[in-house]
Amino acid sequence: MIKDAVNLEQDSILHSDVCIIGTGAAGLTLAKELMGSGQSVLLMESGGLVPEASVDKLKLGQLEGDGFTFRPGYLSTSRMRFFGGTTNIWEGVCLPMEKIDFEAREWMPNSGWPISLSDLEEYYARASDYIGIHRHGDPYPENRQPNSIKVLPADDDWDQFIFHMTNKPRLGTRFKEEIEASRDIITYIQATAILFLENENGGHVEAVEFATLSGNRFRVKARRFVLAAGGIENSRILLNSNVETGSKLANRNDLLGRFFFDQLHMPLGKFVAPNPLDDHWLFFRTFSKALGYIKMGAIALKEDVQRKLRLSNQAFVFHPLSENQFKGDDKLIVDSFSALHETESVRRSSVNIAEPLMYAAKFKSEQGANPENRLTLTNEMDELGVRRLRLHWKISEEDKRMMGRFAELFADAVGRNFIGRVKFSFDELDVLPRYAGGHFHQLGGTRMSSNPTRGVVDENCRVHGTDNLYILGGSVFPSGGRTNPTMTIMALSIRLGELLKKEVVS
Ligand SMILES: Cc1cc2nc3c(=O)[nH]c(=O)nc-3n(C[C@H](O)[C@H](O)[C@H](O)COP(=O)(O)OP(=O)(O)OC[C@H]3O[C@@H](n4cnc5c(N)ncnc54)[C@H](O)[C@@H]3O)c2cc1C
């Protein structure tokens, strides 16, 4: 059942076993997991069933730091406030994170999760089914194995891998009918969480206060609360609760809002490849009619090489450019590369030369976790009386150095192996932040650690020092790797669903 909170009586109190705040990838996945569990669930959404300008204004805030000239709409256009959340506009690129992403690496300060890849593997498989994509690691039921197209030799330092993209990415549309029909779940739209209210001694959330833009205020009392309002709003609602109630909820060690990061998505330059168009197209980007999703190839350093060279986890993705996009210098590179390749192929006499192909190459890069990159509140209030946000975000010299090194290694590898030529779009790494702005993958702010002095939530996503408040979403990531985060967010949500169901049984 989906109800509109505008119709609730002023100061109503609603009750449930579980209250989930937010209907994005995290909130909807958890709600689906709890269906049929016998627990009553209130699923609370700030927006309606379609986007509305008045609700959208609630997410405006201030930006400080790098990359925002390139992406000035970082706080507003990168997050959607209506049923389905930001999955209403996401691209749907999915891949589990890698083993190394969960490890504490001394050259990546503050990295490492209290759980490992193996703790999430079964949940990744179930998340793939939810999104409707190929389970990572399963063989492809197609004649042509995309991974059999080797862009770089297998014995090199480089690895290649495939992202999957769902062709039905809007999770709100995908799940709405089922959620609406569920007898366990009541969804309230137009219900914005503004405050968490703790008990007198702290350690237990008694209620959450909600507001509607029509002026209604009401509370939800639940046995357990799950905050799933997106990577940025999770911190904001808790920071606002601290200021308004004087509590230290989720913030006993001044960590709330800190260690914010994104994945860096920036142009490297152009990459010219001489191999047949169809093979590279197949590896880099193909739509599989049989499977109903898109595959996208990427190239990265092997994990042991990353460890040896003490580099962050990064990858290159490529977007093919058509011949008429080659101009000036680009045309020269294409021509000189053709000549070079021809000599080499004649020598090897086995390579089938086709027209060279040019790609736009882009970094997908891990950003280091830095406590000074943070979300704080301003004194300006939104329409519901909640303080607006300030996001301070910078790319460190070390992030830039690692990206530069990675780019050099890649250019060297493709040249050395006669695979292609790279033309950088920048001379100095200092210009990188101008192109930055992140990937719209908002991570950190309520980071996970088993140690309460180093994290806001524990390994089960429960807020340290509380017995009934959990957080889901990118905000719990202590480090992010190079992989798009939503599949991991969904895997964590399914895992929390299992835990909440077990707690009820016991
Ligand atoms: C253009 C774009 C492309 C992207 N492409 C990809 C991709 O290809 N792959 C990938 O993995 N990720 C991608 N992402 C990121 C992806 O969308 C997010 O990782 C994902 O949606 C996060 O899920 P979530 O549930 O944590 O947050 P959201 O999906 O943002 O959901 C949060 C929900 O909480 C609600 N809410 C907010 N505040 C409150 C409040 N106070 N009270 C009640 N409800 C509230 C919101 O309205 C929303 O419904 C992309 C993002 C953008 C912007």
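I take two strands to pair if DSSP finds at least two bridges between them, and I take helices (H or I, at least four residues) and strands (E, at least two) as DSSP runs numbered from the N terminus. I am working from a predicted model, in which local features need pLDDT of at least 70 and side-chain atom pairs count only at pLDDT 80 or more, while totals for chains, interfaces and linings use all residues. Residues are numbered from 1 along each chain as its sequence is written.

**Entry 1: the hairpins around S9**

I began with S9 and S10, which form a hairpin with five residues between them, and I noted that Gly215 in the turn has a positive phi of about 110°. The two strands pair in the antiparallel sense over four bridges, S10 covering residues 217-227, and Phe210 stands opposite Phe218 in S10. On its other pairing, S9 is joined to S8 by six bridges, again running antiparallel, and Glu198 has Val205 of S9 as its bridge partner. The hairpin of S8 and S9 has six residues between the strands, with Gly202 taking a positive phi near 80°.

I then counted burial, calling a residue buried if 20 or more other C-beta atoms (placed from the backbone) lie within 10 Å of its own, exposed if 12 or fewer, and partly exposed in between. Five of the seven residues of S9 (residues 205-211) are buried, so this strand is largely enclosed by the rest of the structure.

**Entry 2: the chain as a whole**

I found 11 helices and 19 strands in the protein chain, and buried residues make up 49% of its 506 residues. For contacts I required C-beta atoms, placed from the backbone, within 7 Å; among those between residues at least 6 apart in sequence, 75% join residues at least 24 apart.

**Entry 3: the nonpolar core and Ile20**

A nonpolar core here is a set of buried Ala, Val, Leu, Ile, Met, Phe, Trp, Tyr and Cys residues joined through C-beta atoms within 7 Å. The largest one has 124 residues, and those with the most contacts inside it are Ile20, Met44 and Leu472. H11 gives the largest share of this core, eight residues. At least three core residues come from each of domain 1 (1-132 + 168-262 + 371-393 + 442-506) and domain 2 (138-167 + 264-365 + 396-435), bounds that come from an automatic or database domain assignment.

Ile20 stands opposite Leu43 in S3, and S2 (residues 13-21) runs parallel to S3, joined to it by four bridges. In S3 (residues 41-44), Val41 and Leu43 point one way and Leu42 and Met44 the other way, all of them buried. In a regular strand the side chains alternate between the two faces of the sheet.

Of the 39 residues around the ligand, Gly22, Gly24, Gly85, Asn484 and Thr486 come nearest. The elements giving two or more residues to this shell are H1 (25-34), S8 (192-198), H5 (233-245) and H11 (486-505), and H1 gives the largest share, three residues.

Most residues other than glycine have a negative phi, and most peptide bonds are trans. Arg310 is not a glycine, yet has a positive phi of about 55°; Arg310 lies in the loop between H7 (303-309) and S14 (314-321), and counts as exposed because 12 C-beta neighbours lie inside 10 Å. Cys461, also not a glycine, has a positive phi of about 70° and is placed in the loop between H10 (432-435) and S19 (469-471). Cys461 counts as buried because 24 C-beta neighbours lie inside 10 Å.

I looked up Trp393 in S17 (residues 387-393) and found it buried, with 25 other C-beta atoms within 10 Å. The C-alpha atoms of Trp393 and Phe261 are separated by 7.4 Å, although the two are 132 residues apart along the chain.

Val55 is placed in H2 (residues 53-56) and counts as buried, with 21 C-beta neighbours inside 10 Å. Beyond its neighbours within four places in sequence, Val55 is in contact with Ser46, Gly47, Arg81, Phe82 and Leu213.

How values were computed. Contact = placed C-beta atoms within 7 Å. Near = placed C-beta within 6 Å.
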